[in-house]
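The following paragraphs lead through a protein structure, beginning with a pocket and going on to the packing of helices. Please keep the sequence and the model in view while reading.

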Amino acid sequence: ADAVIANSNFTADHVRAEHNVSEIRLHVIPRGIDIQAFTPENVTPDRIEAIRKQWNLRPGRPVIMLPNRLTRWKGQLTFIEALAKLPHKDFEAVMVGDAQQRDTYVQELIAAVDANGLAQCVRIPGHCSDMPAAFMVADIVVAPSIEPEAFGRAAVEAQAMGRTLIASDLGAQTETVADGVTGYLFPPDDADTLADLLMKALAMTPERREAMRTAARERVLKSYTVDAMCAATLKIYRTLIAAAR
């Protein structure tokens with residue numbers, strides 16, 4: 001290939017190590033999200049209420065959401081373990097995502113929820129077709145993958161929607177999340193630290209939450225939109241075409 005495009009620095013490092021691609025041919029262009037869809041003001045109240053009713057959420061309780069397909073490496077079991085460590089169970093937790101025929105794993109999650117006494121406050125609703133509204137329902141979003149994300153779209157979408165984000169400190173999430181500024185990072189598969197950060201996030205002042213929300217949104221707008229991704233890709237195409245001519 002005349003050019004190789006990696007969707008993160010993490011992926012680029014893998015390409016260098018595994019495939020010996022020269023630096024002159026290797027380009028990093030982060031994946032972009034649809035910023036019009038993932039803008040809080042563009043989500044109507046009726047869409048938010050529809051999700052709350054669909055998930056049967058009780059009013060007046062903070063909502064903690066893990067948005068990802070139900071597969072082991074996405075860290076749902078670590079999430080459940082961390083929830084069990086919280087001193088008060090006055091929250092609603094939702095693990096939303098497709099099971100993708102992993103029925104055995106879903107049953108394992110349900111068993112873990114029951115074993116930890118969380119059946120009254122944890123939901124596993126399955127697929128969601130309106131993720132912007134789902135993010136608006138959530139107060140805190142957790143992305144606890146125990147294996148590296150090549151990019152990690154959910155973490156970027158959460159920041160675009162101004163949600164308080166807690167993500168595992170590995171893979172491309174170390175690039176897309178500015179620890180302590182746009183969200184919080186924690187060691188992967190570390191339920192104790194995740195529980196501590198959940199308590200910290202639940203106790204945040206409105207001023208601190210708003211500052212983090214603003215910083216996160218601004219960072220996404222600068223680096224992780226579809227427009228930015230397309231512009232950077234087309235620039236490479238133009239350079240290659242000009243060289244060929």
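The largest pocket holds about 470 Å³ of space. A pocket here is an open set of points, on a 1 Å grid over the protein atoms alone, where a 1.4 Å probe fits, with protein on both sides within 12 Å along at least five of seven lines; its volume is the space filled by probe spheres set on the points, which are joined across faces, edges and corners. Of the 21 residues that line the largest pocket, Pro67, Asn68, Arg69, Arg153 and Ala154 are the closest to its centre; a lining residue has an atom within 4 Å of a point. The model is a predicted one, in which local features need pLDDT of at least 70 and side-chain atom pairs count only at pLDDT 80 or more, while totals for chains, interfaces and linings use all residues. Residues are numbered from 1 along each chain as its sequence is written, and side-chain values use heavy atoms, with hydrogens and water left out.

Helix H5 (131-137) and helix H6 (153-160) each supply at least two residues of this lining, and H6 gives the largest share, three residues. Helices are DSSP runs (H or I, at least four residues), numbered from the N terminus. By class, the lining has eight nonpolar, six polar and seven charged residues. Ala, Val, Leu, Ile, Met, Phe, Trp, Tyr, Cys and Pro count as nonpolar, Asp, Glu, Lys and Arg as charged, and the others, Gly among them, as polar.

H6 also packs against helix H9 (residues 206-223), at an angle of about 120° and with the axes 7 Å apart. Axes are lines fitted to C-alpha atoms, for helices over the stretch in contact, and angles run from 0 to 180 degrees between N-to-C directions. H6 is therefore oblique to H9, because angles under 35 degrees count as roughly parallel, over 145 as roughly antiparallel, 65 to 115 as roughly perpendicular and the rest as oblique. Val156, Gln159 and Ala160 of H6 meet Ala216, Arg217 and Val220 of H9, contact meaning heavy atoms within 4.5 Å.

Helix H3 (residues 76-85) packs with helix H4 (residues 103-115) at about 10°, their axes 10 Å apart, so the two are roughly parallel to each other. Gln76, Leu77 and Ile80 of H3 make this contact with Tyr105, Glu108, Leu109, Ala112 and Val113 of H4.

H3 also packs with helix H8 (residues 191-202), at an angle of about 60° and with the axes 8 Å apart; H3 is therefore oblique to H8. Among the contact residues are Phe79 and Leu83 of H3 and Leu194 and Leu198 of H8.
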